[in-house]
Amino acid sequence: MNSPAGVALTGLGVAVPTKVITNADLERTLDTSNDWIVSRTGIRERHWAAPDESLASLCAVAARQAMDQAGVTATELDAIILGTVTPDHRLPSTSCEVQALLGAPQAIPLDVAAACPGWIYSLAVAEGFIAAGRAKTVLVLGAEKLSTITDMEDRSTAILFGDGAGATIMQRTERTDRRILSIVLGADGTLIDLLLIPGGGSLHPMSPEVIEERSQFMKMKGREVFKAAVVAMANACSEALAEAGLTKDDVDLLVPHQANIRIIEATAKRTGISMDRVMVNVDRFGNTSSASIPIALDQAVAEGRLRPGSVLLTVSFGAGFTWGAAVIRW
Ligand code: COA
(Lines give C-alpha, C1' and ligand atoms only; values in the text may rest on other atoms or scores of the structure.)
Protein backbone atom coordinates (compact mmCIF):
# COMPACT_ATOMS: atom_id res chain seq x y z
CA MET A 1 0.00 0.00 0.00
CA ASN A 2 1.19 3.49 -0.77
CA SER A 3 2.65 5.01 2.38
CA PRO A 4 -0.18 7.30 3.57
CA ALA A 5 1.50 9.07 6.50
CA GLY A 6 4.69 11.08 6.01
CA VAL A 7 7.14 8.74 7.74
CA ALA A 8 10.94 8.81 7.65
CA LEU A 9 13.72 6.56 8.90
CA THR A 10 15.87 8.87 11.01
CA GLY A 11 18.23 6.53 12.86
CA LEU A 12 19.94 3.19 12.35
CA GLY A 13 21.94 0.92 14.65
CA VAL A 14 23.35 -2.60 14.64
CA ALA A 15 24.63 -5.12 17.18
CA VAL A 16 26.10 -8.53 16.42
CA PRO A 17 27.57 -11.04 18.87
CA THR A 18 31.37 -10.98 19.05
CA LYS A 19 31.81 -14.70 18.39
CA VAL A 20 32.56 -15.36 14.69
CA ILE A 21 32.08 -18.85 13.25
CA THR A 22 33.99 -19.40 10.00
CA ASN A 23 33.37 -22.10 7.43
CA ALA A 24 36.63 -23.69 8.64
CA ASP A 25 35.06 -23.94 12.13
CA LEU A 26 32.06 -25.77 10.61
CA GLU A 27 34.34 -28.11 8.64
CA ARG A 28 35.51 -29.42 12.01
CA THR A 29 32.03 -30.49 13.19
CA LEU A 30 30.08 -31.20 9.98
CA ASP A 31 30.54 -33.18 6.76
CA THR A 32 30.95 -30.00 4.70
CA SER A 33 33.61 -27.82 3.11
CA ASN A 34 34.41 -24.15 2.72
CA ASP A 35 34.24 -24.58 -1.08
CA TRP A 36 30.73 -26.11 -0.95
CA ILE A 37 29.39 -23.42 1.39
CA VAL A 38 30.92 -20.51 -0.56
CA SER A 39 29.87 -21.79 -3.98
CA ARG A 40 26.28 -22.70 -2.95
CA THR A 41 25.57 -19.80 -0.59
CA GLY A 42 28.27 -17.10 -0.71
CA ILE A 43 28.61 -17.32 3.09
CA ARG A 44 32.12 -17.24 4.62
CA GLU A 45 31.36 -16.52 8.27
CA ARG A 46 28.52 -15.71 10.65
CA HIS A 47 28.15 -14.49 14.26
CA TRP A 48 26.63 -16.72 16.93
CA ALA A 49 25.54 -15.41 20.32
CA ALA A 50 26.99 -16.80 23.54
CA PRO A 51 24.39 -18.66 25.65
CA ASP A 52 24.11 -15.76 28.12
CA GLU A 53 23.86 -13.08 25.40
CA SER A 54 20.16 -12.19 25.26
CA LEU A 55 18.24 -11.01 22.23
CA ALA A 56 16.94 -8.09 24.30
CA SER A 57 20.48 -6.96 25.13
CA LEU A 58 21.50 -7.03 21.45
CA CYS A 59 18.35 -5.05 20.64
CA ALA A 60 19.15 -2.47 23.32
CA VAL A 61 22.68 -1.90 21.99
CA ALA A 62 21.39 -1.44 18.43
CA ALA A 63 18.50 0.73 19.65
CA ARG A 64 20.75 3.15 21.56
CA GLN A 65 22.84 3.73 18.40
CA ALA A 66 19.70 4.35 16.35
CA MET A 67 18.28 6.74 18.98
CA ASP A 68 21.58 8.66 19.14
CA GLN A 69 21.63 9.02 15.38
CA ALA A 70 18.01 10.25 15.32
CA GLY A 71 18.55 12.53 18.34
CA VAL A 72 15.73 10.79 20.19
CA THR A 73 15.65 9.82 23.88
CA ALA A 74 14.03 6.66 25.26
CA THR A 75 11.21 8.66 26.82
CA GLU A 76 10.26 9.97 23.37
CA LEU A 77 9.56 6.47 21.99
CA ASP A 78 5.83 5.85 21.59
CA ALA A 79 6.19 2.21 20.51
CA ILE A 80 8.77 -0.56 20.17
CA ILE A 81 8.00 -2.99 17.33
CA LEU A 82 10.33 -5.99 17.14
CA GLY A 83 10.38 -8.44 14.24
CA THR A 84 11.66 -11.75 15.56
CA VAL A 85 11.02 -15.49 15.58
CA THR A 86 13.57 -16.11 18.33
CA PRO A 87 12.29 -14.21 21.39
CA ASP A 88 14.22 -14.65 24.63
CA HIS A 89 11.11 -16.16 26.21
CA ARG A 90 7.80 -17.53 24.92
CA LEU A 91 6.23 -15.20 27.47
CA PRO A 92 6.42 -12.20 27.59
CA SER A 93 7.37 -10.56 24.30
CA THR A 94 11.03 -9.56 23.99
CA SER A 95 9.97 -6.01 23.12
CA CYS A 96 8.73 -5.73 26.75
CA GLU A 97 12.25 -6.59 27.89
CA VAL A 98 13.73 -4.03 25.47
CA GLN A 99 11.33 -1.41 26.83
CA ALA A 100 12.64 -2.08 30.35
CA LEU A 101 16.31 -2.09 29.29
CA LEU A 102 15.95 1.23 27.48
CA GLY A 103 13.88 2.89 30.22
CA ALA A 104 10.95 3.70 27.93
CA PRO A 105 7.91 2.94 30.14
CA GLN A 106 5.50 4.86 27.87
CA ALA A 107 6.44 2.89 24.73
CA ILE A 108 3.96 0.21 23.59
CA PRO A 109 5.92 -3.02 22.99
CA LEU A 110 4.93 -5.50 20.30
CA ASP A 111 6.72 -8.52 18.80
CA VAL A 112 5.95 -9.35 15.15
CA ALA A 113 6.55 -12.96 14.08
CA ALA A 114 6.90 -12.74 10.28
CA ALA A 115 10.20 -14.63 9.86
CA CYS A 116 12.80 -13.03 7.57
CA PRO A 117 10.60 -10.10 6.43
CA GLY A 118 9.99 -9.31 10.13
CA TRP A 119 11.67 -5.93 9.88
CA ILE A 120 9.62 -4.93 6.80
CA TYR A 121 6.40 -6.19 8.44
CA SER A 122 7.34 -4.18 11.54
CA LEU A 123 7.88 -1.06 9.42
CA ALA A 124 4.32 -1.46 8.13
CA VAL A 125 2.96 -1.91 11.68
CA ALA A 126 4.88 1.17 12.85
CA GLU A 127 3.60 3.17 9.89
CA GLY A 128 0.07 2.12 10.85
CA PHE A 129 0.63 3.34 14.43
CA ILE A 130 1.87 6.67 13.09
CA ALA A 131 -0.91 7.03 10.50
CA ALA A 132 -3.53 6.30 13.18
CA GLY A 133 -2.09 9.03 15.41
CA ARG A 134 -1.10 6.43 18.01
CA ALA A 135 2.61 7.24 17.71
CA LYS A 136 5.00 9.89 16.41
CA THR A 137 8.28 8.10 17.08
CA VAL A 138 8.70 4.33 16.86
CA LEU A 139 11.68 2.06 17.46
CA VAL A 140 11.53 -0.68 14.78
CA LEU A 141 13.80 -3.65 15.35
CA GLY A 142 14.70 -6.82 13.45
CA ALA A 143 16.67 -9.21 15.65
CA GLU A 144 17.36 -12.94 15.84
CA LYS A 145 19.32 -15.61 17.64
CA LEU A 146 18.83 -18.18 14.88
CA SER A 147 21.68 -20.28 16.28
CA THR A 148 19.21 -21.38 18.99
CA ILE A 149 16.70 -22.84 16.52
CA THR A 150 19.23 -24.32 14.08
CA ASP A 151 20.08 -28.02 14.19
CA MET A 152 23.85 -27.98 14.40
CA GLU A 153 23.88 -31.61 13.23
CA ASP A 154 22.03 -30.78 9.97
CA ARG A 155 24.62 -29.62 7.45
CA SER A 156 22.01 -28.24 5.04
CA THR A 157 20.85 -25.59 7.55
CA ALA A 158 23.67 -25.25 10.13
CA ILE A 159 25.86 -23.44 7.61
CA LEU A 160 23.28 -20.82 6.69
CA PHE A 161 22.20 -18.88 9.74
CA GLY A 162 23.64 -16.18 11.99
CA ASP A 163 22.62 -13.96 14.91
CA GLY A 164 22.29 -10.19 15.12
CA ALA A 165 20.09 -7.17 15.71
CA GLY A 166 19.24 -4.08 13.69
CA ALA A 167 17.36 -1.02 14.95
CA THR A 168 15.71 1.85 13.14
CA ILE A 169 13.85 4.93 14.30
CA MET A 170 10.70 5.84 12.37
CA GLN A 171 9.25 9.32 12.77
CA ARG A 172 6.35 11.27 11.38
CA THR A 173 7.68 13.89 8.96
CA GLU A 174 6.42 16.72 6.79
CA ARG A 175 9.53 16.47 4.60
CA THR A 176 9.01 15.07 1.13
CA ASP A 177 12.72 14.58 0.33
CA ARG A 178 13.17 11.88 2.98
CA ARG A 179 10.39 9.38 3.55
CA ILE A 180 9.03 5.90 3.02
CA LEU A 181 7.40 5.86 -0.42
CA SER A 182 5.76 2.43 -0.35
CA ILE A 183 5.54 -0.81 1.61
CA VAL A 184 4.05 -4.02 0.17
CA LEU A 185 3.47 -7.22 2.16
CA GLY A 186 2.40 -10.70 1.08
CA ALA A 187 2.17 -14.29 2.28
CA ASP A 188 1.17 -17.81 1.25
CA GLY A 189 0.28 -19.80 4.36
CA THR A 190 -0.34 -22.98 2.36
CA LEU A 191 3.44 -23.49 2.17
CA ILE A 192 4.33 -23.59 5.86
CA ASP A 193 5.73 -27.13 5.64
CA LEU A 194 8.63 -26.04 3.43
CA LEU A 195 10.28 -24.13 6.30
CA LEU A 196 9.03 -24.97 9.76
CA ILE A 197 9.93 -25.76 13.36
CA PRO A 198 7.57 -28.72 13.89
CA GLY A 199 8.01 -29.18 17.65
CA GLY A 200 8.22 -27.11 20.81
CA GLY A 201 5.13 -24.97 20.09
CA SER A 202 1.69 -25.42 21.65
CA LEU A 203 0.71 -28.15 19.14
CA HIS A 204 3.68 -30.35 20.02
CA PRO A 205 5.07 -28.95 23.27
CA MET A 206 8.59 -29.85 24.36
CA SER A 207 8.75 -33.55 25.24
CA PRO A 208 11.30 -36.35 25.13
CA GLU A 209 9.88 -37.25 21.67
CA VAL A 210 10.41 -33.73 20.34
CA ILE A 211 14.01 -33.79 21.56
CA GLU A 212 14.55 -37.31 20.20
CA GLU A 213 13.32 -36.20 16.74
CA ARG A 214 15.21 -32.89 17.01
CA SER A 215 11.95 -31.28 15.89
CA GLN A 216 12.54 -28.20 18.05
CA PHE A 217 14.85 -27.08 15.23
CA MET A 218 14.18 -25.65 11.75
CA LYS A 219 13.37 -28.13 8.99
CA MET A 220 13.77 -26.76 5.48
CA LYS A 221 13.27 -27.93 1.90
CA GLY A 222 16.04 -25.74 0.55
CA ARG A 223 15.43 -26.06 -3.19
CA GLU A 224 11.70 -25.25 -2.95
CA VAL A 225 12.43 -22.30 -0.65
CA PHE A 226 15.07 -21.05 -3.09
CA LYS A 227 12.73 -21.08 -6.10
CA ALA A 228 9.79 -19.50 -4.27
CA ALA A 229 12.05 -16.81 -2.76
CA VAL A 230 13.29 -15.55 -6.12
CA VAL A 231 9.81 -15.30 -7.68
CA ALA A 232 8.18 -13.70 -4.63
CA MET A 233 10.99 -11.20 -4.05
CA ALA A 234 11.13 -10.10 -7.70
CA ASN A 235 7.34 -9.66 -7.77
CA ALA A 236 7.38 -7.73 -4.49
CA CYS A 237 10.07 -5.41 -5.89
CA SER A 238 7.93 -4.65 -8.97
CA GLU A 239 4.83 -4.02 -6.82
CA ALA A 240 6.67 -1.75 -4.38
CA LEU A 241 8.20 0.28 -7.22
CA ALA A 242 4.80 0.61 -8.95
CA GLU A 243 3.18 1.75 -5.65
CA ALA A 244 5.93 4.37 -5.30
CA GLY A 245 5.43 5.53 -8.90
CA LEU A 246 9.03 4.61 -9.76
CA THR A 247 10.82 2.11 -12.02
CA LYS A 248 13.86 -0.11 -11.55
CA ASP A 249 15.98 2.58 -13.24
CA ASP A 250 15.22 5.01 -10.39
CA VAL A 251 16.72 2.65 -7.79
CA ASP A 252 20.10 3.74 -6.42
CA LEU A 253 20.52 0.67 -4.20
CA LEU A 254 18.70 -2.65 -3.83
CA VAL A 255 19.16 -4.10 -0.34
CA PRO A 256 17.71 -7.61 -0.45
CA HIS A 257 17.38 -10.05 2.42
CA GLN A 258 20.80 -11.69 2.80
CA ALA A 259 19.98 -15.41 2.60
CA ASN A 260 22.13 -16.70 -0.23
CA ILE A 261 24.19 -14.94 -2.92
CA ARG A 262 22.50 -17.01 -5.64
CA ILE A 263 19.02 -15.93 -4.47
CA ILE A 264 20.22 -12.31 -4.37
CA GLU A 265 21.69 -12.49 -7.90
CA ALA A 266 18.61 -14.20 -9.33
CA THR A 267 16.27 -11.66 -7.69
CA ALA A 268 18.32 -8.73 -8.99
CA LYS A 269 18.38 -10.20 -12.50
CA ARG A 270 14.62 -10.80 -12.54
CA THR A 271 14.06 -7.25 -11.28
CA GLY A 272 16.41 -5.84 -13.92
CA ILE A 273 18.90 -4.29 -11.49
CA SER A 274 22.61 -4.87 -12.12
CA MET A 275 24.73 -6.21 -9.26
CA ASP A 276 26.71 -2.94 -8.95
CA ARG A 277 23.46 -1.48 -7.48
CA VAL A 278 22.93 -4.37 -5.05
CA MET A 279 24.13 -4.57 -1.43
CA VAL A 280 25.69 -7.91 -0.47
CA ASN A 281 27.11 -8.82 2.94
CA VAL A 282 25.82 -12.40 3.31
CA ASP A 283 29.49 -13.45 3.20
CA ARG A 284 30.10 -11.85 6.63
CA PHE A 285 26.86 -12.53 8.50
CA GLY A 286 25.03 -15.45 6.85
CA ASN A 287 21.24 -15.32 7.02
CA THR A 288 20.22 -13.32 10.10
CA SER A 289 16.52 -13.37 9.14
CA SER A 290 14.73 -10.17 10.23
CA ALA A 291 18.05 -8.53 11.20
CA SER A 292 19.60 -8.94 7.76
CA ILE A 293 18.22 -5.82 6.08
CA PRO A 294 19.05 -3.32 8.85
CA ILE A 295 22.53 -4.88 9.17
CA ALA A 296 23.05 -4.49 5.40
CA LEU A 297 21.66 -0.92 5.48
CA ASP A 298 24.17 0.01 8.18
CA GLN A 299 27.05 -1.24 6.04
CA ALA A 300 25.65 0.49 2.93
CA VAL A 301 25.56 3.81 4.78
CA ALA A 302 29.09 3.29 6.18
CA GLU A 303 30.38 2.58 2.66
CA GLY A 304 28.67 5.70 1.25
CA ARG A 305 26.41 3.62 -1.01
CA LEU A 306 23.29 5.02 0.64
CA ARG A 307 23.24 8.81 0.97
CA PRO A 308 20.59 11.40 1.77
CA GLY A 309 18.14 11.41 -1.15
CA SER A 310 19.11 7.95 -2.46
CA VAL A 311 16.24 5.74 -3.62
CA LEU A 312 16.44 2.48 -1.66
CA LEU A 313 14.54 -0.65 -2.67
CA THR A 314 14.52 -3.33 -0.01
CA VAL A 315 12.92 -6.78 -0.15
CA SER A 316 12.67 -9.95 1.93
CA PHE A 317 11.20 -13.45 1.98
CA GLY A 318 10.89 -16.14 4.63
CA ALA A 319 9.02 -18.93 6.41
CA GLY A 320 5.24 -18.84 6.05
CA PHE A 321 5.90 -18.07 3.26
CA THR A 322 5.94 -14.35 3.92
CA TRP A 323 7.44 -11.57 1.85
CA GLY A 324 7.62 -7.81 1.74
CA ALA A 325 9.31 -4.90 -0.02
CA ALA A 326 9.68 -1.19 0.61
CA VAL A 327 10.84 1.84 -1.36
CA ILE A 328 12.44 4.54 0.77
CA ARG A 329 13.87 7.92 -0.17
CA TRP A 330 16.80 7.85 2.28
N1 COA B 1 27.97 -29.36 2.66
C2 COA B 1 28.13 -30.29 1.70
N3 COA B 1 27.10 -30.86 1.06
C4 COA B 1 25.87 -30.47 1.39
C5 COA B 1 25.62 -29.52 2.39
C6 COA B 1 26.75 -28.96 3.03
N7 COA B 1 26.63 -28.03 4.00
N8 COA B 1 24.31 -29.34 2.51
C9 COA B 1 23.71 -30.13 1.63
N10 COA B 1 24.66 -30.85 0.96
C11 COA B 1 24.47 -31.84 -0.09
C12 COA B 1 23.12 -32.51 -0.04
O13 COA B 1 23.11 -33.56 0.91
C14 COA B 1 22.98 -33.00 -1.45
O15 COA B 1 23.70 -34.19 -1.58
P16 COA B 1 23.14 -35.39 -2.50
O17 COA B 1 23.06 -34.81 -3.89
O18 COA B 1 24.20 -36.44 -2.33
O19 COA B 1 21.80 -35.74 -1.93
C20 COA B 1 23.70 -31.93 -2.27
O21 COA B 1 24.54 -31.21 -1.36
C22 COA B 1 22.76 -30.98 -2.96
O23 COA B 1 21.79 -30.57 -2.00
P24 COA B 1 20.70 -29.50 -2.34
O25 COA B 1 19.87 -29.24 -1.13
O26 COA B 1 19.98 -29.90 -3.60
O27 COA B 1 21.65 -28.26 -2.66
P28 COA B 1 21.30 -26.82 -3.17
O29 COA B 1 22.13 -26.47 -4.32
O30 COA B 1 19.81 -26.63 -3.28
O31 COA B 1 21.81 -25.91 -1.96
C32 COA B 1 20.91 -24.70 -0.11
C33 COA B 1 21.25 -26.06 -0.68
C34 COA B 1 20.27 -24.90 1.26
C35 COA B 1 22.18 -23.88 0.03
C36 COA B 1 19.94 -23.97 -1.07
O37 COA B 1 18.86 -24.84 -1.41
C38 COA B 1 19.37 -22.74 -0.48
O39 COA B 1 20.09 -21.81 -0.20
N40 COA B 1 18.03 -22.68 -0.33
C41 COA B 1 17.39 -21.54 0.25
C42 COA B 1 17.59 -21.58 1.73
C43 COA B 1 17.24 -20.29 2.39
O44 COA B 1 17.75 -19.27 2.04
N45 COA B 1 16.36 -20.36 3.38
C46 COA B 1 15.96 -19.26 4.15
C47 COA B 1 15.03 -18.42 3.37
S48 COA B 1 14.71 -16.98 4.24
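Student: How many helices and strands does the protein have?
Tutor: The protein has 11 helices and 13 strands. Helices (H or I, at least four residues) and strands (E, at least two) are DSSP runs, numbered from the N terminus. This is a predicted model, where local features need pLDDT of at least 70, side-chain atom pairs count only at pLDDT 80 or more, and totals for chains, interfaces and linings use all residues. Residues are numbered from 1 along each chain as its sequence is written, and side-chain values use heavy atoms, with hydrogens and water left out.

Student: What share of the residues is buried?
Tutor: Buried residues are 55% of the 330. Buried means under 20% relative accessible area, exposed over 50%, and partly exposed in between (1.4 Å probe, protein chains only).

Student: And what share of the contacts links residues 24 or more positions apart?
Tutor: Such pairs make up 77% of the contacts with a separation of 6 or more. Contact means heavy atoms within 4.5 Å.

Student: Switch to strands. Is β12 mostly covered or uncovered?
Tutor: Mostly covered. Strand β12 runs over residues 311–318, and eight of its eight residues are buried. Val311, Leu313, Val315 and Phe317 point one way. Leu312, Thr314, Ser316 and Gly318 point the other way, and all are buried.

Student: Which way does β11 pair with β12, parallel or antiparallel?
Tutor: Parallel. Strand β11 (residues 253–256) pairs with β12 over four bridges. Two strands pair if DSSP finds at least two bridges between them. Leucine 254 has leucine 313 in β12 as its bridge partner.

Student: What about β12 and β13, parallel or antiparallel?
Tutor: Antiparallel, over eight bridges, with β13 at residues 322–329. Here leucine 312 has isoleucine 328 in β13 as its bridge partner.

Student: How many residues sit between β12 and β13 in the hairpin?
Tutor: Three. Glycine 320 is in that turn and has a positive phi of about 145°. A cis peptide bond joins glycine 320 and phenylalanine 321, with omega about -10°. Phenylalanine 321 also belongs to the loop between β12 and β13.

Student: Which residues does leucine 191 contact, leaving aside neighbours within four places in sequence?
Tutor: Gly320 and Phe321. Leucine 191 is in the loop between β8 (179–187) and β9 (195–196). Leucine 191 and phenylalanine 321 are 130 residues apart in sequence, yet 6.0 Å apart in space, C-alpha to C-alpha.

Student: Why does leucine 191 count as partly exposed?
Tutor: Because its relative accessibility is 29%.

Student: Where does proline 92 lie?
Tutor: Proline 92 is in the loop between β4 (79–83) and α4 (94–102). The peptide bond from leucine 91 to proline 92 is cis, with omega near 0°.

Student: Now phi. What value does arginine 214 have?
Tutor: Near 55°, which is positive in a residue other than glycine. Arginine 214 lies in the loop between α7 and β10. Its relative accessibility is 26%, so arginine 214 counts as partly exposed.

Student: And serine 215, buried or exposed?
Tutor: Buried, because its relative accessibility is 7%. Serine 215 sits in the loop between α7 (208–213) and β10 (219–220). Leaving aside neighbours within four places in sequence, serine 215 is in contact with Ile197, Pro198, Gly199 and Val210.

Student: What is the phi of serine 289?
Tutor: Near 55°, again a positive value in a residue other than glycine. Serine 289 is in the loop between α10 (282–285) and α11 (292–302). At 3% relative accessibility, serine 289 counts as buried.

Student: Last one. Which residues does leucine 146 touch, not counting those up to four places away in sequence?
Tutor: Ser289 is one of them. Others include Val85, Thr86, Phe161, Met218 and Asn287. Leucine 146 lies in the loop between β6 (137–145) and α6 (155–158). Leucine 146 is buried, because its relative accessibility is 3%.
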